[in-house]
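Hello,

Here is the structure for your files. My notes on it follow below.

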Amino acid sequence: MSEISILIHGLDDKIKKLITLHNNLKEDNAQLISEINELKQINNDQTSIIKNIKGNNNIIKIADSINSTADTKEIRLRINEFVREIDKCIALLNK
């Protein structure tokens, strides 16, 4: 009888340890999920910043190319080219 009570007591201790470990792992998992969500948000923010910077970079390149050409006829041709490109983009968006 005494051996059975010792085994039951040992089993009870092991179950309590497992429950504690399980709860700790659940907390760690919830914390990691929260951290993943935060990192995803940071990633999305940085991706949009990169897109904005690339857009600004393209605008600067266009401005530099316009500034580098002295002939007004060339400038008008480039502006017309940009307008046609914008019209194509708008047409694609409207589809």
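Ile-15 counts as partly exposed, with a relative accessibility of 41%. This is a predicted model, and Ile-15 is found in its helix α1. Together with Leu-11 and Ile-19, Ile-15 makes a nonpolar surface patch of about 280 Å².

**Salt bridge**

The structure holds 1 salt bridge. Asp-12 and Lys-16 form it through their side chains, at 3.5 Å from N to O. Side chains of opposite charge can pair when their charged atoms come close. Asp-12 and Lys-16 are 4 residues apart in helix α1, which covers residues 2-68, so about one helical turn separates them. Asp-12 is itself partly exposed, at a relative accessible area of 34%.

**Overall form**

The secondary structure consists of 2 helices and 0 strands. The protein is more spread out than a compact globule, because its radius of gyration is 33 Å, well over the 12 Å that the globule rule gives for 95 residues. The C-alpha trace spans about 105 × 30 × 10 Å along its principal axes.

**Surface and charge**

Of the 95 residues, 3% are buried. The accessible surface of the protein comes to about 8,900 Å², and 61% of that belongs to carbon and sulfur atoms. As for charge, the protein has 14 positive and 14 negative charges, and their mean positions lie 9 Å apart.

Regards

Conventions: Residues are numbered from 1 along each chain as its sequence is written. This is a predicted model: local features need pLDDT of at least 70, side-chain atom pairs count only at pLDDT 80 or more; totals for chains, interfaces and linings use all residues. Side-chain values use heavy atoms; hydrogens and water are left out. A salt bridge is a side-chain nitrogen of Lys or Arg within 4 Å of a carboxyl oxygen of Asp or Glu. Buried means under 20% relative accessible area, exposed over 50%, partly exposed in between (1.4 Å probe, protein chains only). Patches are made of residues with over 30% relative accessible area and no salt bridge: like charges are joined within 9 Å, nonpolar side chains (Val, Leu, Ile, Met, Phe, Trp, Tyr) within 5 Å. Accessible areas come from the Shrake-Rupley method with a 1.4 Å probe; for residues, only the protein chains shown count as cover. The radius of gyration is taken over C-alpha atoms; the globule rule is 2.2 Å times the number of residues to the power 0.38. Lys and Arg count as positive and Asp and Glu as negative; His and the chain ends are not counted. The place of a charge is taken as NZ of Lys, CZ of Arg, CG of Asp or CD of Glu.
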